[in-house]
Amino acid sequence: MTTEELEELIQGAQESDSLEFKGAMGWEVGLIKDILAMANVQDGGRIVIGIEDETLERQGMTPEQLDSFIPDTMMDRVGVFADPHVSFSVDKVPDASGLYFVVITVAPFEKTPVICAKDGGARNELQAGALYYRSKTGRPKSARVSDANDMRDIIERAAIQTMRHFQNLGLEAKAVEAAAPPGPSALAAKMAEIFDKELGGL
């Protein structure tokens, strides 16, 4: 992410289901709930750290705070709580005035919603079996799904993602069939390779 992209993201922006502001802070496991929630949003979302979420004042971050956001460490910590895996990236970017911010960009789930795998968190805010989401009713916040509308939205998207996944498998199978050498044995071997890859070697 560039300074220009950061300015475009935060200039005059308000918090939404896909955008959250956090005051200046170092990495802490309390952010895991927000990452899990963003993964269950339609197109994923971004968490911008270094902006006071009540006043939207740009605080920026100290070098020590920036240094605490180590992507590999963060992925390891999030991975313990996320089922399935959550994909996200971490950028440390200055704004036009030179203040630095951390932007965590979270990808949406691929096929199945992300469920919290175990209890924990900085203040025991993570609960095993919980589905976290950025509710569109009221002020946006990362919270456990608590109403039928949010749950229905997540289930419908999961169904669509699963359907697309199987459609893609069908298209890939047709492409393999067209490219495979003549004979059923060659096609069967290639198809077996595809499904073995899909199942992760199980």
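In what order do the four strands of the open sheet run? The order is β1-β2-β5-β4, and the pairing is mixed. Keep in mind that this is a predicted model, where local features need pLDDT of at least 70 and side-chain atom pairs count only at pLDDT 80 or more, while totals for chains, interfaces and linings use all residues. Residues are numbered from 1 along each chain as its sequence is written, and side-chain values use heavy atoms, with hydrogens and water left out.

Helices (H or I, at least four residues) and strands (E, at least two) are DSSP runs, numbered from the N terminus, and two strands pair if DSSP finds at least two bridges between them. At the edges sit β1 (19-22) and β4 (88-94), each pairing on one side only. Further in, β2 (residues 45-49) and β5 (residues 100-106) pair in the antiparallel sense over five bridges, with Gly45 opposite Val106 in β5.

Now for the helices. Helix α1 (residues 3-10) lies across β1, β2, β4 and β5, at about 100° to β4; axes here are lines fitted to C-alpha atoms, for helices over the stretch in contact, and angles run from 0 to 180 degrees between N-to-C directions. Helix α4 (residues 71-81) also packs on the sheet, touching β4 and β5, and its direction makes about 140° with that of β4. Contact means heavy atoms within 4.5 Å.
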